[in-house]
Amino acid sequence: MMTLISQIFFMIYLGVSSLWTAGGTEQGTCNQWNATMIIHGLDPEVFSPIMWRESRCETWQINHSDPHEGSYGLLQINSIHLEDVKLHPEKWGTVATCNVNSTGDLLIGWRNICFAAHLLERAGDMEPWGT
């Protein structure tokens, strides 16, 4: 059970983080993440609208109704891909640079984007995002 102080800090966190994500967000895009997408080799013109559709630019989004224990973060990375990295690290190359070791790590914006870039490279197409 949360103490009163924990509840207050949680409410402050939600308020501050929603103000932060609202900044720089146009309807249908997540422009505040453009620089991070460019750094990791993703085209913001392609991935910003996908990010908006998948998470509304909110890093903490989790879709538990997706198969394989859900999808996580900005670009809704399904947990099955994380399991594949653990089982076949040789196929994923430098994905270790993303520092993603758990589904919780996919809730950190830059890590989610970094992992998505490796997923795109590995998949060779946009199939992981259903486009």
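Reader: Which handedness does the disulfide of Cys98 and Cys114 have?

Author: In this predicted model, a disulfide (a pair of cysteine sulfur atoms within 2.5 Å) joins Cys98 to Cys114, with an S to S distance of 2.0 Å. The torsion about the S-S bond is about -75°, so this disulfide is left-handed.

Reader: How many residues apart in sequence are the parts that Cys98 and Cys114 tie together?

Author: Helices (H or I, at least four residues) and strands (E, at least two) are DSSP runs, numbered from the N terminus. Cys98 lies in the loop between H4 and H5, whereas Cys114 belongs to helix H5. The pair therefore ties together parts whose separation in sequence is 16 residues.

Reader: On what basis are residues numbered, and which limits apply to the values?

Author: Residues are numbered from 1 along each chain as its sequence is written, and side-chain values use heavy atoms, with hydrogens and water left out. Because this is a predicted model, local features need pLDDT of at least 70 and side-chain atom pairs count only at pLDDT 80 or more, while totals for chains, interfaces and linings use all residues.

Reader: Which residue forms a disulfide with Cys57?

Author: The whole structure contains 2 disulfides. Cys57 lies in the loop between helix H3 (44–55) and S1, and its relative accessible area of 0% makes it buried (under 20%; exposed is over 50%, partly exposed in between; 1.4 Å probe, protein chains only). The sulfur atom 2.0 Å from that of Cys57 belongs to Cys30.

Reader: What is the phi value of Cys57?

Author: Most residues other than glycine have a negative phi. Cys57 is not a glycine, yet its phi is positive, near 70°.

Reader: In which loop does Gln76 lie?

Author: Gln76 also has a positive phi, near 45°. At 9% relative accessibility, Gln76 counts as buried. Leaving aside neighbours within four places in sequence, its contacts (heavy atoms within 4.5 Å) include Glu54, Ile62 and Asn112. The place of Gln76 is the loop between S2 and S3.

Reader: Which strands stand at the edges of the sheet?

Author: The open sheet has 3 strands in the order S1-S2-S3, with antiparallel pairing; two strands pair if DSSP finds at least two bridges between them. S1 and S2 (residues 71–72), for instance, pair over 2 bridges. Each edge strand has a single partner, so one side of it is left without a neighbour in the sheet. The edge strands are S1 (62–63) and S3 (77–78).

Reader: Which residue in S2 is the bridge partner of Asn63?

Author: S1 and S2 pair in the antiparallel sense. Within S2, the bridge partner of Asn63 is Ser71.

Reader: How many residues separate Arg122 and Asp84?

Author: The pair links distant parts of the chain, with Arg122 in helix H5 (residues 109–123) and Asp84 in helix H4. Their separation is 38 residues.

Reader: Are Asp105 and Arg111 buried or exposed?

Author: The side chains of Asp105 and Arg111 meet in a salt bridge, at 3.2 Å from N to O. Both residues are buried.

Reader: What is the geometry of the aromatic pair of Phe47 and Trp129?

Author: Rings of Phe, Tyr and Trp (its six-membered ring) pair if their centres lie within 6.5 Å; planes under 30 degrees apart count as stacked, over 60 as edge-to-face and the rest as tilted. By this rule there are 2 aromatic pairs. For Phe47 and Trp129, the centres are 5.2 Å apart and the planes stand at 90°, and the pair is edge-to-face.

Technical notes:
A salt bridge is a side-chain nitrogen of Lys or Arg within 4 Å of a carboxyl oxygen of Asp or Glu.
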